[in-house]
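Please look over the sequence and the model below before reading on. The paragraphs that follow go from the overall form to single side chains.

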Amino acid sequence: MKTIAEIADEYERNLVPLRERRDTLRVQAGAEPSAERRCRLWHRVGVLDGMIADGVSAIRAMRGGRHGD
C-alpha cells in the first residue's frame, strides 16, 4: 500500500506531462491563423490549467499545506 507522501509524489510526476502539453498548446494557439481552431486550442489550455491547479491543490493537501500557503 502506498503512503500519502508516495501518492503526492506520483501526482507531482503526473503534472509534468500536463504542463508540457499545456505549454505546447499555448504555442500552437499563438501561431494558429484560424480563429475557430485558436479558440478550441485556448479552451484546451484552460482545461489543462484547471487540471493542473486541482492537482497542485491536492498535492498541497496531501502534504499538509494549508489554504493560502
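This is a predicted model: local features need pLDDT of at least 70, side-chain atom pairs count only at pLDDT 80 or more; totals for chains, interfaces and linings use all residues.

Residues are numbered from 1 along each chain as its sequence is written, and side-chain values use heavy atoms, with hydrogens and water left out.

The protein chain holds two helices and zero strands, where helices (H or I, at least four residues) and strands (E, at least two) are DSSP runs numbered from the N terminus. The radius of gyration of the protein chain is 15 Å, well over the 11 Å that the globule rule gives for 69 residues, so the chain is more spread out than a compact globule; the radius is taken over C-alpha atoms, and the rule is 2.2 Å times the number of residues to the power 0.38. Taken along the principal axes, the box that the C-alpha atoms fill is roughly 50 × 25 × 15 Å. The accessible surface comes to about 5,100 Å², with 56% of it belonging to carbon and sulfur atoms, as computed by the Shrake-Rupley method with a 1.4 Å probe, only the protein chains shown counting as cover for residues. Of the 69 residues, 17% count as buried, a term that means under 20% relative accessible area, with exposed meaning over 50% and partly exposed in between (1.4 Å probe, protein chains only). Among contacts (heavy atoms within 4.5 Å) between residues at least 6 apart in sequence, 58% join residues at least 24 apart.

Helix H1 covers residues 4–31, and at 1.5 Å a residue its 28 residues should span 40 Å, which agrees with the 41 Å between its end C-alpha atoms; the expected span is 1.5 Å times one less than the number of residues. Which residues of H1 are buried? They are Ala8, Leu15, Arg22, Leu25 and Ala29, and what covers the buried residues of H1 includes helix H2 (35–62).

Leaving aside residues up to four places away in sequence, Ala29 touches Arg38, Leu41 and Trp42. Leu41 is also touched by Glu32, as are Arg37 and Arg38, again not counting residues up to four places away in sequence. Glu32 is found in the loop between H1 and H2 and is buried, with a relative accessible area of 18%.

Ile7, found in helix H1, counts as partly exposed at 28% relative accessibility; apart from residues up to four places away in sequence, Ile7 touches Lys2 and Met62. Ile7 and Ile59 are 52 residues apart in sequence, yet their C-alpha atoms are 8.5 Å apart in space. Arg19, also found in helix H1, is partly exposed with a relative accessible area of 31%, and beyond its neighbours within four places in sequence Arg19 is in contact with Ile52 and Val56. By contrast, the C-alpha atoms of Arg19 and Ser34 are 15 residues apart along the chain and separated by 24 Å.

A search of the whole structure finds nine salt bridges, each being a side-chain nitrogen of Lys or Arg within 4 Å of a carboxyl oxygen of Asp or Glu. In one of these, Lys2 pairs with Glu10, the closest N and O atoms being 2.3 Å apart, and Glu10 counts as partly exposed at 29% relative accessibility. Arg63 forms another with Glu12, the closest N and O atoms being 3.0 Å apart; Arg63 lies in the segment after H2 and Glu12 in helix H1, so the pair ties together parts that are 51 residues apart in sequence. Asp23 forms a salt bridge with Arg22, with 3.3 Å between the closest N and O atoms; Asp23 counts as partly exposed at 35% relative accessibility, whereas Arg22 counts as buried at 14%. Salt bridges that share partners join Arg22, Asp23, Arg26 and Asp49 into one network.
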